[in-house]
Amino acid sequence: MRMSEANLKIPGAAIVEVVPLSGFDKSLAYAVPPASLKEIEVGSLVRIPLRRRSELGVVLRLGTEQEIPLGKLKMLYEVVQDYPVLTGELIALYHWARHYYATSPEAILEAMIPPAIRRGMRPKMRRYLSLGSSPEVEALAALKKRAPKQAALLNFIAQQLKPQPRAAILKRLKIGASACDALVKKGYLLETDTEEAREAYADSLGEVETVEAAEIRLTLTREQSVAVKAITAAISADAFSVRLLHGVTGSGKTEVYLNAVEQVVAKGGGVVVLVPEVALAPQTVGRVRARLEARGVRTVVWHSHLSDGERYDSWKALVSGEAHVVVGARSAVFAPVQNLKLMIVDEEHEPSYKQEDNPRYHGRDVAVYRAHLAGAVCLVGSATPSLETLYNVERGKYAVDRLLKRVDHCELPRIHLVDMRREGLTGRAKGSPISSMLADKLVDRFEKREQSILFLNRRGFSTSLLCPECGYVAACKHCSIPKTYHRTDHSLRCHLCGDEEKAPPRCPECRSEAIRYRGQGTQQIESIVQKILPRAKIVRMDADSMSKKNLYRKILNDFRAGKIDILVGTQMIAKGLDFPNVTLVGLINADMSLHVEDFRAAERTFQLIVQVSGRAGRGDRAGEVIIQTSTPHAPPVQFARKSDFDGFQLEELEQRREFNYPPFQHLIRHLFRGRNPEKVKFFIEQWARRVEEHFGDRLTVRGPASAPIEKIRDEYRFQLWYFAPSAEAVIDELTALRQDFKMDKSVIDQLDVDPMQMS
Ligand code: ADP
Ligand code: ZN
Ligand code: ZN
């Protein structure tokens with residue numbers, strides 16, 4: 001809403017409520033200078049005087065005299081962007097998210113507004129020179145005599161047909177700025193500023209995968225058309241609704257998404273597509289662009305790895321309405337798409353949707369709420385939906401479309417379980433992390449020139465230094481976890497605080513040289529497999545290669561091109577990969593994730609096995625999966641082996657119900673930390689009593705107890721868990737109560753609503 005002429009006539013309308021972007025966790029009132037009256041609106045980014053400095057802030061409200069008393073109001077300086085940085089819908093989302101996640105205005109605005117915009121970045125402007133009023137003959141003669149440089153510049157510009165870029169021309173003619181300024185002052189030259197078109201998306205385009213033309217339009221399978229029909233009806237209803245697309249791996253969910261996107265943009269609607277990992281954005285953007293480009297619809301990318309310039313361009317394209325579709329990771333849920341009609345959350349079960357530092361928001365949940373505000377359809381998809389989403393389906397809050405078959409009659413892969421306890425006793429490969437069955441099948445695939453992927457379950461996993469003589473474990477001095485051994489430089493590193501040292505040749509406790517490395521890292525698996533298959537090309541993909549975007553891309557391209565036989569990695573690489581020539585998938589240590597202190601442990605294990613299995617047999621050859629486990633009878637392992645989604649859901653929901661865990665109750669985690677454990681304990685106990693007194697049986701409190709990781713960076717950690725039927729109903733009260741509770745400055749606490757991380 002632009003502030004209209006009518007609006008201006010309301011007395012006091014020239015006062016606005018502004019929330020500063022940093023350093024002040026409250027909104028403030030400012031008067032609007034006459035020059036800015038026409039451009040200011042709700043959501044505008046403005047420059048304001050604050051504590052004798054010039055800061056940026058966002059206009060939350062256009063005030064009236066009654067609401068904000070005039071008094072000694074300061075005047076804001078200016079409106080910074082041509083477009084509001086937050087639309088009305090995003091402002092409503094801001095208010096909701098700030099309360100729901102018990103966080104500060106500053107933190108939530110930081111998540112919502114890209115850094116480049118927050119720093120007040122403007123479009124790149126270029127100054128051009130053109131001819132102004134022509135000088136009199138005598139004046140011109142005088143100029144030639146007394147200021148030859150000015151005369152030369154004027155002469156040059158006079159011969160040009162188009163305005164010339166000032167900086168470039170001055171440099172080329174070797175003329176100083178003062179000569180040019182003098183000509184402008186006399187009116188002989190005119191200066192105009194034009195927004196420079198950047199080489200739009202050059203960088204991100206380079207990243208986008210090329211999509212084969214043949215793939216562009218597929219005939220939908222029966223199941224796909226049923227789903228598309230149902231989604232079409234929801235879109236036509238033009239009202240808020242949430243639908244789960246529950247499709248097995250390889251069932252063609254993306255094709256269904258693309259259909260929905262096409263329908264919405266055909267009607268001029270805007271779309272946000274969320275993917276769980278930055279690295280997956282280029283692949284998805286490529287497919288969306290291939291589909292929409294013919295319609296002249298622009299799609300932009302949005303994630304934290306873009307440069308400031310790219311970020312700015314994406315932002316500008318969305319706020320100006322040039323682009324209607326955005327694809328990105330978590331933070332894209334806040335992208336300023338106009339006329340939002342569809343939100344898609346792919347792989348909605350992924351924990352990466354939850355931001356693990358302040359503000360601790362969940363991208364999927366914010367997406368659902370934003371769709372609600374916008375009256376849009378929210379489509380969440382997964383082969384292994386979260387229990388939260390499944391429960392919403394069960395209660396009738398979400399509709400569901402199911403794809404039970406893979407496209408092209410591909411079979412779901414055959415899953416074998418290998419009991420590693422028995423393997424350790426009798427197997428040929430005694431003591432090796434690769435079972436004899438897995439070794440045989442790797443050899444078989446290599447001989448058939450087919451590809452394999454080996455996954456290492458990283459969760460709860462550590463590769464540590466252990467002394468077999470005295471039991472010494474190399475632990476971090478500052479954190480209560482074992483350090484990880486890195487073979488490349490023989491170092492021991494703490495993955496929490498980064499502390500690093502050389503691995504000792506003997507045990508520091510008993511001087512034994514038998515000290516050895518326990519556990520299996522991707523490096524170790526790689527070298528063991530290389531011994532089994534000396535001629536095979538094996539490539540490791542881990543956190544290091546994931547962070548280098550070119551390396552990651554190169555590995556995937558090489559793998560697709562068949563230049564790599566075996567890919568070894570953590571489950572990070574399980575997401576969304578689709579390689580038709582992969583016929584064998586091995587999961588080295590399936591149940592590592594069962595042994596962590598987390599009520600979602602079973603869910604995670606089930607999801608992991610189903611997801612990694614889904615990478616096998618996507619082409620015309622059937623796939624096989626080998627799951628190595630030491631708990632083959634654990635329910636999540638068994639249900640996953642049989643691909644029994646309903647069975648797993650039923651049993652797991654029953655378990656959760658019994659203990660009142662999510663999705664039956666909301667969980668809020670309250671962590672207290674500090675260097676002095678006695679002090680932390682004292683305050684958390686006092687606070688727990690206060691909460692119990694205040695809420696009575698409206699809130700169940702569990703704890704205080706030590707956090708699973710008791711110490712990080714020399715700080716001791718204790719936590720409380722709150723259970724409530726609705727987080728919304730208690731969170732504001734909890735926050736207010738907390739503000740009245742005085743604590744020693746050395747103790748820091750933090751609330752995590754609907755936490756995903758329990759450690
Ligand atoms: P999912 O996300 O459900 O695991 P994808 O969307 O990645 O599955 O699709 C798996 C593969 O099937 C892709 O290569 C895709 O191009 C192909 N595919 C999808 N739908 C069809 C269809 N209707 N006909 C033929 N191939 C399809
Ligand atoms: Zn020892
Ligand atoms: Zn540490």
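Visitor: Quick one to start: what does Asp 238 count as in terms of relative accessibility?
Guide: Asp 238 counts as partly exposed, at 47% relative accessibility. Buried means under 20% relative accessible area, exposed over 50%, and partly exposed in between (1.4 Å probe, protein chains only).

Visitor: Before I go on, what am I looking at?
Guide: This is a predicted model, where local features need pLDDT of at least 70, side-chain atom pairs count only at pLDDT 80 or more, and totals for chains, interfaces and linings use all residues. Residues are numbered from 1 along each chain as written, chains are lettered from A and ligands numbered from 1 in written order, and side-chain values use heavy atoms, without hydrogens or water.

Visitor: Back to Asp 238. Where is it found?
Guide: Asp 238 sits in the loop between helix H11 (222–237) and strand E10 (241–247). Helices (H or I, at least four residues) and strands (E, at least two) are DSSP runs, numbered from the N terminus. Asp 238 is not a glycine, yet its phi is positive, about 50°.

Visitor: How many helices and strands does the protein have?
Guide: There are 26 helices and 31 strands. Of the 759 residues, 52% are buried.

Visitor: And what share of the contacts is between residues 24 or more positions apart?
Guide: Such pairs account for 75% of the contacts with a separation of 6 or more. Contact means heavy atoms within 4.5 Å.

Visitor: How about surface, what does the accessible area come to?
Guide: About 35100 Å², with 51% of that belonging to carbon and sulfur atoms. Areas come from the Shrake-Rupley method with a 1.4 Å probe, and for residues only the protein chains shown count as cover.

Visitor: On to the ligand. Which residues come nearest to ligand 1?
Guide: Thr 219, Gln 224, Gly 250, Thr 254 and Asp 578 do, out of 18 residues around ligand 1. A residue makes that list if one of its heavy atoms lies within 4 Å of the molecule.

Visitor: Which backbone atoms lie by the oxygen atoms of ligand 1?
Guide: A backbone N or O atom of Gly 250 lies 2.7 Å from a ligand 1 oxygen, and for Gly 252 a backbone N or O atom is 3.1 Å from an oxygen of the ligand. Lys 253 contributes a polar side-chain atom, 2.9 Å from a ligand oxygen. Taken on its own, ligand 1 has 570 Å² of accessible area, and the protein covers 82% of that.

Visitor: Switching to cis peptides: which bond joins Gly 703 and Pro 704?
Guide: A cis one, with omega about 0°. Pro 704 is in strand E29 (residues 700–712). The peptide bond from Pro 662 to Pro 663 is cis too, with omega near 10°, and Pro 663 lies in the loop between helix H24 (645–659) and strand E28 (666–674).

Visitor: Where does Val 680 lie?
Guide: Val 680 lies in helix H25 (residues 677–695), and at 0% relative accessibility counts as buried. Beyond four places in sequence, Val 680 is in contact with residues including Phe 672, Phe 718 and Val 747. Tyr 716 is 36 residues away along the chain, with 7.5 Å between the two C-alpha atoms.

Visitor: Last one: which residues of H6 are buried?
Guide: In helix H6 (residues 148–158), Gln 150, Ala 151, Leu 153, Leu 154, Phe 156 and Ile 157 are buried. Those residues pack against several elements, among them strand E7 (125–131), helix H5 (137–146) and helix H8 (177–186).

Methods:
Polar contact = N/O pair within 3.5 Å; in protein donor to acceptor, adjacent residues only side chain to side chain.
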